[in-house]
Structures are given as C-alpha cells and as structure tokens.
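Hi,

Here is the model I promised to pass on.

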Amino acid sequence: MIYRGEDIIIRTISRMLIPFIQLYGLYVIMHGHYSPGGGFQGGVILGASLILLLLAYGYQDAKSRVPEKLLTVFSGVGVFIYAGTGFLCLVLLGNFLDYAMLAKILHTDAAHARSLGILSVEIGVGMAVMAVMVSIFLDISTGGVLPGEEEEKQKTAEEA
Amino acid sequence: MTVPIDLVLQIFIIVCAVASIVVKDLLSAAMILGAYSFFMCIMWAQMGAVDVAFTEASVSAGIGTILFVAAVMKTTRRSKD
C-alpha cells in the first residue's frame, strides 16, 4: 500500500487537501492552551497529512518530502524541546516544568510566561508525535524494509 | 415522536462494535472499527467532552484505522471459510 497508485483523482485531491490539513494541524497546536486540542492532537493531524501524501504518491515519489532520517531528527528535537523547557525551569531555580520561572528570561509577568511555556511544550510534543506517527506507519506498511532498500540489504548480506 | 440522539448513537455504537467482532473479513472489521470510533467521537461531543472527542476523531478514527489497514495488507488469507 506504499507503492504509487495510478488514480489521478486521488492524487489531485490529496495534493489540494494536504496544505489545508497541515494548516489546521498548526492551528490546533497553536490554540491548544485556549481551546480543545493541543500538541498531541495537532501532531496527529500533521502526521495524518504526511501519511496521506505517502498513500497517494507512494514512498518512492514522496521520500524527498518525508525522508526517514528527518523523521528521526524531528522526534528527537521534539522531545528535546519538551524536556529542555522543563530543565530550563529547573535551572532557573524552579520545579520541573514550572513555567512561571521563565518570566526571568522572557521579561514578562508570570501569567504570560506560563502561557508561552505551555506553548513551547506543545510545539515540542507536536513535532515528536508527527514524526513518530509517520515512522510507525512506514514500519507497519513496509514490514521494516523500505522500498528501494531491499537490494542494499541483500548486497550487505551477500558481502557478509 | 422524537427519538433522543444519544439513544440512536448508542444503537449505532453497539451495532458497529458487535459487527467488527463478528465479521470474517479483516479489512471490513478494520473499517467498521473506524465507523465505531467516529460514532464514539460524536457520543463524546454530545456528552460535552470536546477534547476527548477531538482525540478520538484524530487518533482512533484517523491514524488507528490507517494502521489497522496497513497491518491487514501484510497478512495473507489462510482459512477457507
């Protein structure tokens, strides 16, 4: 199901739809602390848009936009942003994830510092969830061996 | 006569839940489970838990169905019934 289909209707509709899905995912992440939604749901929506790209165009054509190394980097950076915000509060003599301590470096009052702190945590969660969802889908739909990598694995197996 | 919407939703949810267990074809079972998640999402929203409904719609009805279908595509049909 990861190979390129020949249906032009599916490809055209998903090409038109994907930017709006991603915009909605960013909206859900950015308004997570005011309204329903948040980093997890917005990250899932962003991941679903990339999965739609992979389903409609196949891995061979879409891997320049969704490379697997970039997914690994994104999941690591997302967790780093989340944990880094918590440890930054720890460094600023507060508790872990005590956003009010961020007021010292953001030059605002405690309420605004709490709002910005939860926003940065949700951005980190959204990045990590998006990358992990797409890599889980890639692993399940290909059985761990991506298309185009079978020959390389056979070569290394023959050499060894 | 007016029918309360939560009664209709509950009937749909129970029908989808039983059907996804009973049906033989794995792809149909995954699809019916997606429909079950969608009705469950409407049920959460009707009960006022909008955040839970949002999570149910995006995670269970969206990603969960895709992962089930991707896993079903890797299986082969062995039994003949």
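First, the ground rules. This is a predicted model, so local features need pLDDT of at least 70 and side-chain atom pairs count only at pLDDT 80 or more, while totals for chains, interfaces and linings use all residues. Residues are numbered from 1 along each chain as its sequence is written, chains are lettered from A and ligands numbered from 1 in the order in which they are written, and side-chain values use heavy atoms, with hydrogens and water left out.

Helices here are DSSP runs (H or I, at least four residues), numbered from the N terminus. For the packing angles, axes are lines fitted to C-alpha atoms over the stretch in contact, and angles run from 0 to 180 degrees between N-to-C directions.

**Helix H1 on helix H2, chain A**

The axes of H1(A) (residues 8-30) and H2(A) come within 8 Å and cross at roughly 165 degrees. That makes the two helices roughly antiparallel (angles over 145 degrees count as that, and under 35 as roughly parallel). The crossing of H1(A) and H2(A) is left-handed, meaning that the near helix is turned anticlockwise from the far one by less than a right angle. For the classes, Ala, Val, Leu, Ile, Met, Phe, Trp, Tyr, Cys and Pro count as nonpolar, Asp, Glu, Lys and Arg as charged, and the others, Gly among them, as polar.

**Across the chains**

H2(A) (residues 39-62) also meets H3(B) (residues 50-73): their axes come within 10 Å and cross at roughly 30 degrees. That makes H2(A) roughly parallel to H3(B), and the crossing is left-handed. From chain A the contact includes Phe40(A), Val44(A) and Ile51(A), and from chain B it includes Phe54(B), Val59(B) and Ile66(B). The classes come out at 9 nonpolar, 3 polar and 1 charged residues.

**Helix H3 of chain A**

H3(A) covers residues 68-91, and its 24 residues reach 34 Å from first C-alpha to last, close to the 34 Å expected at 1.5 Å a residue (1.5 Å times one less than the number of residues). Its buried residues are Leu71(A), Ser75(A), Gly78(A), Thr85(A), Gly86(A) and Cys89(A), where buried means under 20% relative accessible area and exposed over 50%, with a 1.4 Å probe and protein chains only. What covers them includes H5(A), residues 110-142. H3(A) and H5(A) pack at about 150 degrees with their axes 8 Å apart, which makes them roughly antiparallel. Their crossing is left-handed too, and the contact has 15 nonpolar, 7 polar and 2 charged residues.

**Loops to check**

Most residues other than glycine have a negative phi. Leu93(A), which follows H3(A), has a positive phi near 65 degrees. Leu97(A) has a positive phi of about 60 degrees and lies in the loop between H3 and H4 (103-106) of chain A. His107(A) also has a positive phi of about 60 degrees; this residue sits in the loop between H4 and H5 of chain A and is exposed, with a relative accessible area of 72%.

Leu92(A), in the loop between H3 and H4, is buried at 15% relative accessible area. Neighbours within four places in sequence aside, Leu92(A) is in contact with Met101(A), Leu102(A), Lys104(A) and Ile105(A).

Cheers

Notes. Parallel < 35°, antiparallel > 145°, perpendicular 65-115°, else oblique. Contact = heavy atoms within 4.5 Å.
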